[in-house]
Amino acid sequence: MPTFLVGEYVFIVLALLSFYHAFSNSRLHAFTWVMTFVVGTANDVIFMALPSVDNFWQAQATIMLTPRLPLYIPCVYNLFMYWPVVTSWRSDLSLLGKSAFAGILGCLLYAPYDMIGVKFLWWTWHDTYAGLRYRFFGVPMGSTLWTLTFVWAFSLLINSTTKEQRNIGFGRMLFSTVTSALFSTPLMMAVMGVIQLVGTEGLPSLPCFTSCFSLFVGIIAWDYIYRKDSIRGFTKDSLATFAMRFYVYSLVAIGLFGTPENHVSTGLHQRIGPCRVEQFDIITQTTQYEFLCPSEFTAVWDFSCTDVPSASSGPVEWYTVCGTPHDNQQLWLGVLFSILVVALRLATLGGTRLSESKTQKSNPKL
């Protein structure tokens with residue numbers, strides 16, 4: 001199965017579904033839909049522009065916006081930012097509760113994509129960057145923690161600046177645009193910096209993630225315990241349910257029928273050069289190796305299907321890498337499916353559909 005090609009267009013289709021959902025609901029939904037692309041793409045561009053966090057390289061897709069940014073990547077941001085935020089609106093949780101819920105759901109939607117993407121060469125990571133040191137199934141804990149805190153920050157800023165007003169005015173829309181675009185990434189980085197204080201070696205690791213995840217669960221639990229008289233649960237959204245099932249079933253199919261050892265990725269990757277050239281990272285305050293060393297790297301891919309690139313004439317950044325078999329496919333599939341099941345359950349929460357008039361009466365903000 002050409003998993004990357006399938007995945008690319010799955011996300012484009014999902015973006016079209018969310019477009020229809022947003023623009024058939026309200027001005028607030030449509031605004032949020034647009035902002036997921038603005039804030040998400042800005043985050044990717046910022047990370048690629050800053051040398052200290054320029055640590056990932058996307059595979060070459062059929063539609064590329066730049067040599068390093070495929071069109072489908074903004075659609076991925078739309079998936080794990082738009083649906084969690086609008087799903088949280090269908091609840092009676094507090095501002096902090098909704099943001100915590102959105103962060104958790106965004107993380108659970110992204111983690112299976114992260115597992116599949118790194119294994120099937122949809123992108124490659126820097127081999128020795130300290131912030132990516134601790135991983136599960138090839139996925140850096142820093143990536144998982146990033147999605148948890150980034151979606152939380154985006155939801156918090158969008159909800160607090162729009163006041164969840166269904167027919168949001170232009171002035172408030174402009175204020176929300178500036179605030180969300182400028183502060184989503186810095187707020188995420190600030191929170192990650194604090195959370196990393198409980199991490200192994202002060203780096204993104206399992207203790208960091210479990211602490212942050214538990215905190216968000218605690219916030220939601222507090223809402224249900226101390227605001228139980230005002231919590232009615234989630235209302236139903238049939239299109240959201242369809243979109244989430246389409247996403248989950250697509251990843252299940254890719255996970256089941258994809259063969260990572262048959263995958264090859266030719267494109268931009270970490271530069272190959274002299275071995276053990278040290279480089280100091282100001283963010284993690286650690287030393288890493290600037291170049292990939294073909295004889296010492298620890299990635300989940302190799303050069304078994306191609307010649308090892310030579311850096312005799314200078315660093316090389318465009319080359320071919322080869323996929324490798326699963327170490328334990330049953331365990332990998334078990335974890336993948338478990339996360340997808342939980343994500344689908346949260347994304348499709350809902351009871352009896354409420355009429356528009358009843359919804360407006362009970363919660364004027366929606």
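Setting aside neighbours up to four places away in sequence, Thr87 is in contact with Phe101, Leu105, Phe234, Leu346 and Ala347. This is a predicted model, so please hear every value today as computed from that prediction. Thr87 belongs to helix α3. Is Thr87 buried or exposed? Its relative accessibility is 2%, and Thr87 therefore counts as buried, the cut-off for buried being under 20%.

Staying with α3, I turn to how this helix packs. Helix α3 covers residues 72–89, and its axis passes that of α5 at 10 Å, with an angle of about 55° between the two. As for handedness, the crossing of α3 and α5 is right-handed. On the α3 side, the residues that meet α5 are Tyr77, Phe80, Met81, Pro84, Val85, Ser88 and Trp89. From α5 come Trp146, Thr147, Phe150, Val151, Phe154, Ser155, Ile158 and Asn159.

In α1 the contact residues are Ala15, Ser18, Phe19, His21, Ala22 and Phe23, and they meet His29, Ala30, Trp33, Val34 and Phe37 of α2.

Next, the aromatic rings. How many aromatic pairs does a search of the whole structure find? The count is 30. One of them joins Tyr110 and Tyr113, with ring centres 5.1 Å apart and planes at 70°, which makes it edge-to-face. Both tyrosines lie in helix α4, residues 95–119, and because they are 3 residues apart, about one helical turn separates them. Tyr110 is buried at 12% relative accessibility, and Tyr113 is buried at 2%.

Tyr110 also pairs with Trp146. Why is that pair called edge-to-face? The planes stand at 80°, with the centres 5.6 Å apart, so the pair falls in the edge-to-face class, which calls for planes over 60 degrees apart. This pair links distant parts of the chain, since Tyr110 is in α4 while Trp146 is in helix α5, residues 141–162, 36 residues away. Trp146 is buried too, with a relative accessible area of 11%.

These pairs belong to something wider. Ring pairs link Phe4, Phe11, Tyr72, Tyr77, Phe80, Tyr110, Tyr113, Trp122, Trp123, Trp146, Phe150 and Tyr247 into a cluster.

Which ring does the charged end of Arg68 sit over? The ring belongs to Phe56, and its centre is 6.0 Å away.

Two backbone items now. As background, most residues other than glycine have a negative phi. Glu201, not a glycine, has a positive phi near 60°. Glu201 sits in the loop between α6, residues 170–195, and α7, and is exposed at 54% relative accessibility. Arg276 is also not a glycine, and its phi is positive, about 60°. Its place is the loop between β7, residues 264–272, and β8, residues 278–281. At 54% relative accessibility, Arg276 counts as exposed.

I finish with two residues and their distances. Ala221 is part of helix α7, residues 206–226, and is partly exposed at 34% relative accessibility. Ala221 and Gly97 are 124 residues apart along the chain, with 8.5 Å between their C-alpha atoms. Pro294 is in the loop between β9, residues 286–289, and β10, residues 301–302, and is partly exposed at 26%. From Pro294 to Met192 there are 102 residues in sequence and 32 Å in space, C-alpha to C-alpha. Leaving out residues up to four places away, Pro294 touches Ile272, Phe303 and Val308.

Technical notes. Residues are numbered from 1 along each chain as its sequence is written. This is a predicted model: local features need pLDDT of at least 70, side-chain atom pairs count only at pLDDT 80 or more; totals for chains, interfaces and linings use all residues. Side-chain values use heavy atoms; hydrogens and water are left out. Rings of Phe, Tyr and Trp (its six-membered ring) pair if their centres lie within 6.5 Å; planes under 30 degrees apart count as stacked, over 60 as edge-to-face and the rest as tilted. Helices (H or I, at least four residues) and strands (E, at least two) are DSSP runs, numbered from the N terminus. Buried means under 20% relative accessible area, exposed over 50%, partly exposed in between (1.4 Å probe, protein chains only). A charge sits over a ring if NZ of Lys or CZ of Arg is within 6 Å of the ring centre and within 35 degrees of the ring normal. Contact means heavy atoms within 4.5 Å. Axes are lines fitted to C-alpha atoms, for helices over the stretch in contact, and angles run from 0 to 180 degrees between N-to-C directions. A crossing is left-handed if the near helix is turned anticlockwise from the far one by less than a right angle, and right-handed if clockwise.
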